[in-house]
Amino acid sequence: MDTSVKLGELTLRNPVIPASGTFGFGHEMAKWYDLNRLGAVALKGTTREARFGNPTPRVAECEAGLLNAVGLQNPGVDAVVREELPRLRAVYSGPVIANVCGFSAEEYVEVARRFDEAGADILEINVSCPNVRHGGLAFGASPEAAAAITAAVKAAVKKPVYMKLSPNAADIAAVARACEEAGADGLTLINTLLGMRVDPRTGRPLVSTVTSGFSGPAIKPVALRMVFEVCGAVKIPVVGVGGIASADDLLEFLSAGASAVQIGAQNLVDPYACLRVVEELPKRMEEYGIRDLKSIIGRTGNGQ
Amino acid sequence: MDTSVKLGELTLRNPVIPASGTFGFGHEMAKWYDLNRLGAVALKGTTREARFGNPTPRVAECEAGLLNAVGLQNPGVDAVVREELPRLRAVYSGPVIANVCGFSAEEYVEVARRFDEAGADILEINVSCPNVRHGGLAFGASPEAAAAITAAVKAAVKKPVYMKLSPNAADIAAVARACEEAGADGLTLINTLLGMRVDPRTGRPLVSTVTSGFSGPAIKPVALRMVFEVCGAVKIPVVGVGGIASADDLLEFLSAGASAVQIGAQNLVDPYACLRVVEELPKRMEEYGIRDLKSIIGRTGNGQ
Amino acid sequence: MYKNALYRVAENRPIAREVFRMRLLGDTRWITAPGQFVNVRVDGCYLRRPISVCDWDGGGLTLLYRAVGKGTRLLSRALPGETLDLLTGLGNGYDPSAARGRRTVLIGGGVGVPPLYGLARRLALAGEPPAAALGFQTAADAFLAESFLTLGCEVLVATADGSLGERGFVTDPLSRLDYGYYFACGPEPMLAAVHALGREKGAEGQLSFERRMGCGFGACMSCSCETLAGPRRICVEGPVLRSGEVRF
Amino acid sequence: MYKNALYRVAENRPIAREVFRMRLLGDTRWITAPGQFVNVRVDGCYLRRPISVCDWDGGGLTLLYRAVGKGTRLLSRALPGETLDLLTGLGNGYDPSAARGRRTVLIGGGVGVPPLYGLARRLALAGEPPAAALGFQTAADAFLAESFLTLGCEVLVATADGSLGERGFVTDPLSRLDYGYYFACGPEPMLAAVHALGREKGAEGQLSFERRMGCGFGACMSCSCETLAGPRRICVEGPVLRSGEVRF
Ligand SMILES: Cc1cc2nc3c(=O)[nH]c(=O)nc-3n(C[C@H](O)[C@H](O)[C@H](O)COP(=O)(O)OP(=O)(O)OC[C@H]3O[C@@H](n4cnc5c(N)ncnc54)[C@H](O)[C@@H]3O)c2cc1C
Ligand SMILES: Cc1cc2nc3c(=O)[nH]c(=O)nc-3n(C[C@H](O)[C@H](O)[C@H](O)COP(=O)(O)OP(=O)(O)OC[C@H]3O[C@@H](n4cnc5c(N)ncnc54)[C@H](O)[C@@H]3O)c2cc1C
Ligand SMILES: Cc1cc2nc3c(=O)[nH]c(=O)nc-3n(C[C@H](O)[C@H](O)[C@H](O)COP(=O)(O)O)c2cc1C
Ligand SMILES: Cc1cc2nc3c(=O)[nH]c(=O)nc-3n(C[C@H](O)[C@H](O)[C@H](O)COP(=O)(O)O)c2cc1C
Ligand code: FES
Ligand code: FES
C-alpha cells in the first residue's frame with residue numbers, strides 16, 4: 001500500500017498535514033504523538049512583527065464547527081525562526097510549511113524570504129485571512145492582487161510558493177488561475193468562510209470581531225466543491241483543506257483533485273485527529289482496493 | 001408576549017415560515033399539524049411549464065446538513081394555481097408566499113403575475129437556484145441582472161415582491177442594494193450554498209448533478225453573517241433563512257436584522273420543526289425578558 | 001396518516017451476515033399496509049434512514065436491515081431498552097387485493113425480502129399463501145427463507161454462488177414458475193428483470209422501489225421517479241408502483 | 001504532559017441549584033497540580049468544555065460544574081456507568097509552594113470555588129489549612145463551604161442577598177482578614193477586586209482566569225490574555241497567573 005503523494009518535487013510519506021493555526025508551531029503537539037508520522041506540518045501564520053491578535057472571545061462554537069478570530073497572533077518572524085523552528089526541528093524531520101502573512105507586499109516578501117533562508121520546505125502565502133483588517137483577505141479577494149503578491153514572493157525566494165486562497169473571493173477559480181500564471185508552484189484551499197453568531201439572549205456577537213472565520217466539518221461540502229472547481233482550472237498541485245476529519249474525507253478531496261490535505265479545526269477537539277487519519281488511511285485503501293494513493297487523485301472528473 | 005412581526009404591510013402572527021422546497025405545496029403537511037399555527041407558508045419553486053427536475057440521486061447527507069439538486073420539480077404554474085393553491089387554502093388561511101422561478105425575465109414575470117392574480121400574499125422571486133442550468137442563479141449572481149428581474153416583475157404585479165438571493169453571488173450586499181433600488185419590497189436570504197460530495201470508495205459524485213445546493217444547520221453562521229451584512233446595506237425587510245432549527249436560532253437572525261425567518265432542511269428531518277420553533281419561541285422570550293419580538297430586530301448593530 | 005413517535009428497542013441482533021432484526025415496541029396504528037416503510041432518526045446522522053416494515057402487530061414492529069453505511073451501522077449498535085424516533089405510516093405499501101384469485105409469487109432480493117414477509121403473512125392468513133422466490137449473494141447473506149416456509153409458502157431460493165438453493169439470479173427459478181401476479185422488492189436491476197419476465201408471462205404485479213430520500217413524507221421531491229403516468233414520489237405515491245406504470 | 005482517555009461516570013448529581021458534582025474513574029497520573037483543568041468531550045457539541053479539577057486521587061477525579069448552557073446541561077444528564085472522553089493534565093495549576101510561611105487565603109466566587117478545594121486539601125494535608133473566602137449569589141447557589149470547614153479552614157461566606165453568611169461581595173469579609181498570600185478563582189470582576197485588595201494589603205497571590213477556548217492545549221491561540229510579561233495562553237501558561245503579572 002503506497003500512501004505517499006507528491007507536491008511538485010517534494011514527496012510526502014502521506015497526504016496528512018495539520019493546517020496552519022490549529023497546530024501551534026508544531027513542537028508542542030509532540031506531547032501527543034510522534035510528528036514524524038505526518039506528511040508535513042504547517043506552522044501558525046507569521047507576520048514580520050509580533051502580534052497579539054484580536055481581543056477575546058476569539059472563538060464561538062457552531063454546529064459541526066467553530067468561528068475563530070484569532071487574528072494572526074504570533075511572536076514575529078524573527079522569534080519564529082530563532083525559537084520555534086529549532087524546537088520543531090528537534091522533534092520532527094519532515095517537510096515544514098511556513099504560513100506567511102502580511103499587511104503589504106513587502107511584508108509578505110520579507111517574511112517569505114526569512115522562511116526561505118531558514119529552511120522551510122514550502123512557503124504558504126496566506127492571502128486569505130478574514131480576521132485582520134487591511135491585510136490577508138484583501139490580497140486574496142481579487143485575481144490581480146493575488147497575482148501581484150505571488151509574483152513578488154516568487155521573485156524573492158527559492159522554495160516552492162503555495163498561495164492559500166479564500167472561499168470568500170468572488171471567483172476562487174479566477175484567483176487560482178491568476179496565481180498559477182504569476183508563477184505559483186501550488187495552491188492551498190480553503191481558508192475559513194466568513195461567518196457570524198450572536199448570543200440569542202442578548203443579541204450581542206459571540207466573537208469580539210463580530211464576523212469571523214468559520215471552519216470544521218460543517219464546511220466540508222463547500223471546500224470540496226471549491227477544490228474540485230480549482231483543480232479543473234489549474235495544473236499546479238492543490239492542497240485541500242476544510243472540514244476534514246477522517247480518511248474517508250481525505251479520499252473525497254483526493255478524488256476531487258487535491259494532491260494532499262490539511263486538517264484544521266478537528267485538531268482542536270481531537271489532538272490525535274491527524275494521527276487517526278494517518279492510521280485509518282491504509283485500512284480504507286485496503287477496503288476500497290486502492291493500492292497507490294496517487295492513482296486516485298482527480299478521479300472524480302475534470303472540473304466544471 | 002407579542003410574537004407578531006411585520007413584513008411591510010403584512011402582519012405575521014409569528015416569524016416562522018417553512019422555506020420553499022422543503023414543505024411541498026403546504027397542504028400535505030397538514031397531516032402533521034395545523035398550518036394556521038405558522039407565520040406564513042412558502043410554496044415549492046414554480047416555473048411556467050411542468051418540470052421533472054434533475055435525475056436522482058438528488059440528495060446527499062452531510063455533517064449537519066444535506067446537498068440537494070431537486071432542480072425545481074413542479075407541475076407548472078397552471079397546475080399549482082388550479083390544484084395546489086386551493087388545496088392549501090382549504091386547510092390554511094394565513095399568508096402564502098409563492099416562490100417564483102424562471103429561465104428568462106418573461107417567465108419570471110408571467111409566473112409572478114399568475115400568482116399575483118391567484119391571491120398569493122408575497123411573490124418571492126427565486127433568482128438563486130443553484131440546481132438548474134441557464135436559470136436561477138444566473139439572474140441572482142450580478143446586481144444588474146437581479147435588478148432587471150426585480151424591475152420587470154414589479155412592473156407587472158401588485159403584491160409585494162421579495163427577491164430571494166444567493167450566497168454564491170460575489171457580493172450579496174451589492175445584489176441586495178440593486179434589488180432595493182429596482183423596487184423590491186423585501187429580500188429573502190440565503191438560498192443554498194454550492195457544495196459537493198463524492199463517494200470515498202469510488203470517487204464518484206454522490207449527487208447526479210456533481211455540485212449541488214448545501215443547506216441545514218451547518219450553514220447557519222454563513223447565513224447569519226450574510227443577513228447581517230445585507231440588513232446593514234438596505235432598508236427593506238429581510239427574511240432570514242439558513243440552518244434554522246430552534247427558537248434560539250430564530251432570535252439570532254432577528255437580532256442580526258431579519259424581520260422573519262424561514263426554516264428549510266430541518267423540516268425534512270423533523271416534520272414538526274416549524275411547529276416546535278413556534279412553541280419554543282414564547283418560552284425563550286420569557287426566559288430572556290423579551291416582550292415584543294419586533295423590539296429586538298436588528299439589535300446586534302447596524303451592519304458593517 | 002403519518003405518525004412521529006418514540007419506539008423502544010426490544011431486540012436488535014444479527015440474523016445473517018451484516019443483517020439485523022430489530023423489534024420495536026410502540027404505536028403501530030398508522031401502519032396500514034405491508035410494504036410501507038418507517039424513517040428512523042439515527043443519532044449522529046442528519047437525515048433519517050428509510051427502512052421497510054418487515055412485519056407489525058398491535059404492540060410493535062419488526063425491521064430487518066443490512067448494516068451497509070454510517071447510519072445502519074450506528075443503528076446496529078442500538079441496545080434493547082433504548083428508544084428510537086420513527087416516522088411511521090410512510091409510503092403506499094402493497095395492495096394485496098389486486099392479486100385476488102391469481103396464482104401469486106413474492107419476489108425478493110437481499111434486503112428487498114423483508115417487506116414481502118409481512119405481505120406473505122397477511123396473504124397466508126387470508127388462506128392464500130403465495131409462492132416466494134428469494135435471491136441472495138451467498139448462503140451467509142440469506143435470511144427469512146424458513147419463515148416463508150412456515151407460513152406455508154412454496155419457497156424458491158437462488159444465490160449468486162449457488163451456496164444455497166439454485167445458482168444464479170432469482171429470475172432463474174422464477175422463469176420456471178407459473179404465476180399470474182407478483183409482488184417484488186429488491187435492487188433495481190432485479191426489478192427490471194422481474195418486470196421483463198412478468199411481461200413475457202403475461203403477469204401483472206407491484207414493484208417496490210428505493211430512492212435516496214430527503215424527508216420520506218412528500219415534502220422535498222428528492223425521491224422522484226418518472227413513470228408512464230408521470231412523476232411519482234417514491235415516498236408517497238410509492239415505494240410500490242404497478243407493473244403497468246413503471247419505466248426502466 | 002497531557003493525556004486523552006476515557007473515564008467512567010461514578011456519580012453525577014446536583015449539590016446546589018444547577019450545580020453538579022461528577023465523580024469520574026480513570027487515569028489521573030497526568031494531573032499534577034490543583035487548579036489544572038480537564039477538557040470534556042460532550043456528545044452533540046463540537047468543542048470540548050473546560051472544567052477545573054475540583055479534586056483527584058489515584059482512582060479518579062471530581063468535577064463541580066454549573067449547568068449554564070448546552071454543553072454543561074448535556075453533561076448533567078450523563079448517567080453513572082457512561083464513559084466520557086477527557087483531556088487531562090491541562091493548564092499550569094496553582095503553585096502552593098509560593099505561599100509557604102505566609103498566612104494564606106483561598107478566594108472563590110461561584111464555580112470558581114471548586115479548584116480551590118483540591119488546593120485546600122493539599123495545604124491542609126501539609127499542616128497549613130488556609131482560610132477560605134467564598135462568594136455566591138444566594139444560599140441556594142452555595143456549595144463546598146462545609147467541606148472547607150472539615151479540612152480545618154476558617155471559612156468566610158458572602159452572598160449577594162445575605163441569605164448565607166455576610167451580605168455583599170466576597171471582598172467584604174476579605175477586607176477584614178489579615179493575609180500575606182492568596183489563591184483566587186472566580187469571575188473576572190471578582191478577580192479584579194481581589195487583586196486590588198491584595199495590593200492594598202501588600203499580599204501577593206495567584207489568580208485563575210477563564211477564557212473561551214478552542215483546544216485547551218496550546219494549539220490555537222484562542223485563549224490568549226495580555227499580561228505585563230507578554231501574551232499568555234490561559235490554557236497552557238494559565239489558567240493561573242501571578243498577581244504581579246496580571247493586567248486588568
Ligand atoms: C423505501 C425504502 C425501504 C427500505 N427498506 C430497507 C430494508 O427493509 N432493509 C434494509 O436493509 N434497507 C432498506 N432500505 C435501504 C436503506 O434505506 C439504506 O440501506 C440505508 O439508508 C443506508 O444508510 P447508511 O447510513 O447505512 O448508508 P450510507 O451510504 O452512509 O447512507 C448515506 C445516505 O444515502 C442514503 N442511502 C444509502 N443507501 C440507500 C438505499 N439503498 N436506498 C435509499 N437511500 C439510501 C441514506 O439513507 C443516507 O441518506 C430501504 C430504502 C428505501 C428507500
Ligand atoms: C480553565 C477553566 C476552568 C473552568 N472550570 C469550571 C468549573 O470547575 N466549573 C464550572 O462550572 N465551570 C467551569 N468553567 C466554565 C465552563 O467551561 C463553562 O461554564 C462551560 O464551558 C459552559 O459550556 P456550555 O456549553 O454549558 O455553555 P455555552 O454558553 O452553550 O457554551 C458555548 C461555548 O462557550 C464556552 N464558554 C461558555 N462559558 C464559558 C466560560 N465561563 N469559560 C470558558 N468558556 C465558556 C463553551 O465552552 C462553549 O465553547 C471553566 C472554564 C475554564 C476556561
Ligand atoms: C483557530 C484557527 C486559526 C487559524 N489560523 C490560520 C492561520 O494563521 N493561517 C492560515 O492560513 N489559516 C489559518 N486558519 C485556517 C485553517 O488553516 C484552515 O484553512 C481552515 O480552518 C479550514 O480547515 P478546517 O475546516 O479543517 O478547520 C485557522 C483556523 C483556525 C480554526
Ligand atoms: C430539498 C430542497 C429544495 C429546495 N427548493 C427550493 C426552491 O424550490 N426554491 C427556493 O427558492 N429555494 C429552495 N430551497 C432552498 C431553501 O428554501 C432554503 O433557502 C435553503 O435550504 C436554506 O435554508 P435551510 O438551511 O434551512 O435549508 C430548497 C432547499 C432544499 C433543502
Ligand atoms: S423524500 Fe422528500 S418527497 Fe420523497
Ligand atoms: S485554547 Fe487553544 S491555545 Fe488555548
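In chain C, the cover over the buried residues of helix 2 includes strand 4 (49–52), strand 5 (55–57), strand 6 (60–66), strand 8 (104–109), helix 3 (145–150) and strand 12 (181–185). Here buried means under 20% relative accessible area with a 1.4 Å probe, protein chains only, and contact means heavy atoms within 4.5 Å. Helices (H or I, at least four residues) and strands (E, at least two) are DSSP runs numbered from the N terminus. This is a predicted model, in which local features need pLDDT of at least 70 and side-chain atom pairs count only at pLDDT 80 or more. Residues are numbered from 1 along each chain as its sequence is written, and chains are lettered from A in the order in which they are written.

Of the 12 residues of helix 2 of chain C, 9 are buried, so this helix is largely enclosed by the rest of the structure. Among them are C:Pro114, C:Pro115, C:Tyr117 and C:Leu123. Helix 2 of chain C (residues 114–125) reaches 17 Å from its first C-alpha to its last, close to the 16 Å expected at 1.5 Å a residue. C:Gly127, with a positive phi near 85 degrees, follows helix 2 of chain C.

In chain A, the axes of helix 7 (residues 247–256) and helix 9 (residues 273–288) come within 8 Å and cross at roughly 70 degrees. Helix 7 of chain A is therefore roughly perpendicular to helix 9 of chain A (65 to 115 degrees). The contact involves A:Ala247, A:Asp248, A:Leu250 and A:Leu251 of helix 7 of chain A, and A:Val277, A:Glu280, A:Leu281, A:Arg284 and A:Tyr288 of helix 9 of chain A.

Notes: Side-chain values use heavy atoms; hydrogens and water are left out. The expected span of a helix is 1.5 Å times one less than its number of residues. Buried means under 20% relative accessible area, exposed over 50%, partly exposed in between (1.4 Å probe, protein chains only). Axes are lines fitted to C-alpha atoms, for helices over the stretch in contact, and angles run from 0 to 180 degrees between N-to-C directions. Angles under 35 degrees count as roughly parallel, over 145 as roughly antiparallel, 65 to 115 as roughly perpendicular and the rest as oblique.
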